[in-house]
Amino acid sequence: MNRRDSELALLALGVVAALLDAKAQPLGKKVRIGVLSQGFPDPPPGLPLIQPLRALGWVEGQNLVFESRFDEGRPDRLPNLAAELVGRNVDVIFTRGTPATLAAKATTATIPIVMIFVANPVRSQLVASLARPGGNITGTANLAADIFGKQLQLLKEIVPGASTVGVLFDPLNSAQTDQLDNELAAAAAVLAVKLLPFKVYASSALEAVFAEARRTRADALVVFPLSTGADVGRAVADLAIKHRVPTITTFRAYTDQGVLASFSGSLDEQYQRAAAHIDKILRGARPADLPVEQPTKFDIVINLKTAKALGLTIPQSLLLRADEVIQ
């Protein structure tokens with residue numbers, strides 16, 4: 001190889017290295033991620049996304065800013081909150097839950113939306129299909145047939161002979177009513193469990209709901225995410241102990257607050273996948289081309305302190321299978 005060829009080869013290698021380095025580094029401008037969610041603010045907003053995004057090169061305060069909006073128990077606020085985020089010219093909207101995602105979709109057809117905690121985005125008409133979402137939405141879906149079957153099986157392990165299970169759900173959340181009528185009802189039929197639905201509005205008095213569950217002889221309760229306050233998990237846990245009724249939920253945070261057990265897709269995995277979707281979009285990918293994913297890891301969490309307060313002995317076989325036991 002002559003000198004000129006050597007110089008050209010070195011130049012080519014330099015160009016390739018520069019391109020690879022550019023691909024590996026985040027974009028130069030400061031991007032804005034809008035967070036739209038039911039419930040109450042994280043401490044601080046955007047917290048679960050901070051670490052997985054940092055691992056991908058996006059650092060809050062340097063090349064990343066969060067704009068967060070929470071409905072604080074009033075889902076009717078979601079359309080206006082979504083409009084606020086659009087008005088802030090965010091680059092991506094990250095949504096938690098079906099109502100928030102529906103509100104974002106109704107507000108913008110151009111800003112990319114990355115969703116998590118959505119039950120069935122095809123049935124909710126958020127995406128055309130999981131493999132080919134189309135439009136401006138992608139993310140993670142919790143198709144819940146197996147989740148509810150597993151929850152009811154766990155309740156039967158904890159309360160042998162349980163045949164009547166109450167369900168605390170938000171009737172204004174279309175995803176919850178849909179899951180109750182479909183996946184949960186199907187799982188209950190297979191396991192010969194009778195379901196007792198209890199509507200819980202944002203203004204509902206939980207004490208009255210639990211008293212009714214006790215009066216109707218519910219052996220245990222399945223608890224959907226509710227909108228009755230920032231400490232709703234703790235309130236549910238306290239009332240469950242007072243009325244001596246075991247509870248299980250898909251919302252891990254409730255178990256941390258005292259609910260007996262939870263079974264759900266791994267939160268860490270879902271936030272990591274959301275961060276990966278956001279990263280790809282910020283680097284030029286289209287949501288329409290990014291398949292909607294499903295959790296591959298599911299966590300069983302048992303609150304042993306609550307079990308003791310309820311006078312329950314959790315089977316050793318279940319404790320050994322649990323991903324975490326809260327003492």
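Q: Let's begin with a helix pair: how do α3 and α4 cross?
A: Helices here are DSSP runs of H or I with at least four residues, strands are runs of E with at least two, and both are numbered from the N terminus. Axes are lines fitted to C-alpha atoms, for helices over the stretch in contact, and angles run from 0 to 180 degrees between N-to-C directions. In this case the axis of α3 comes within 9 Å of that of α4 (residues 98–107), and the two cross at roughly 55°. That makes the pair oblique, since angles under 35 degrees count as roughly parallel, over 145 as roughly antiparallel, 65 to 115 as roughly perpendicular and the rest as oblique.

Q: What should I know about the source of these values?
A: The model is predicted, so local features need pLDDT of at least 70 and side-chain atom pairs count only at pLDDT 80 or more, while totals for chains, interfaces and linings use all residues. Residues are numbered from 1 along each chain as its sequence is written, and side-chain values use heavy atoms, with hydrogens and water left out.

Q: Which hand does the crossing of α3 and α4 have, and which residues meet there?
A: A crossing is left-handed if the near helix is turned anticlockwise from the far one by less than a right angle, and right-handed if clockwise. Here α3 passes α4 in a right-handed crossing. Contact means heavy atoms within 4.5 Å. On the α3 side, Leu-78, Pro-79, Ala-82, Ala-83 and Val-86 meet Pro-99, Ala-100, Ala-103, Ala-104 and Thr-107 of α4.

Q: In what order do the strands of the five-stranded sheet lie?
A: Strands of a sheet pair through backbone hydrogen bonds, either parallel or antiparallel. Two strands are taken as paired if DSSP finds at least two bridges between them. This open sheet of 5 strands has the order β2-β1-β3-β4-β5, with parallel pairing. β2 (64–70) and β5 (137–141) are at the edges with a single partner strand each, so one side of each has no neighbour in the sheet. From one strand to the next, the twist averages 20°.

Q: How many bridges join β1 to β2, and which helices pack on this sheet?
A: β1 (residues 31–37) and β2 are joined by 7 bridges, and Gly-34 has Glu-67 of β2 opposite. Helix α3 (residues 78–87) lies across β1, β2 and β3 (92–96), and runs at about 180° to β1. Helix α10 (residues 267–282) touches β1, β3, β4 (113–118) and β5, with its direction at about 165° to that of β4.

Q: How is the other sheet arranged?
A: Its 7 strands form an open sheet in the order β7-β6-β8-β9-β10-β11-β12, and the pairing is mixed. The edge strands, each pairing on one side only, are β7 (194–199) and β12 (324–326).

Q: Is Phe-263 buried or exposed?
A: Buried means under 20% relative accessible area, exposed over 50%, and partly exposed in between (1.4 Å probe, protein chains only). Phe-263, in strand β10, has a relative accessible area of 8% and is therefore buried. Its C-alpha atom is 6.9 Å from that of Phe-298, which is 35 residues away along the chain. Contacts of Phe-263 include Ile-147, Leu-154, Ile-248 and Phe-298. As for β11, 5 of its 6 residues are buried.

Q: Which residues have the most contacts inside the largest nonpolar core?
A: A nonpolar core is a set of buried Ala, Val, Leu, Ile, Met, Phe, Trp, Tyr and Cys residues joined through side-chain atoms within 4.5 Å. The largest one has 33 residues, and those with the most contacts inside it are Leu-152, Leu-184, Leu-195, Ile-302 and Ile-314. Its largest share, 6 residues, comes from α5. Ile-302 is in contact with residues including Leu-260, Ile-314, Leu-318 and Val-325. Another core lies apart from it and has 21 residues, among them Leu-49, Leu-53, Ala-275 and Ile-278.

Technical notes:
Lists of a residue's contacts leave out its neighbours within four places in sequence.
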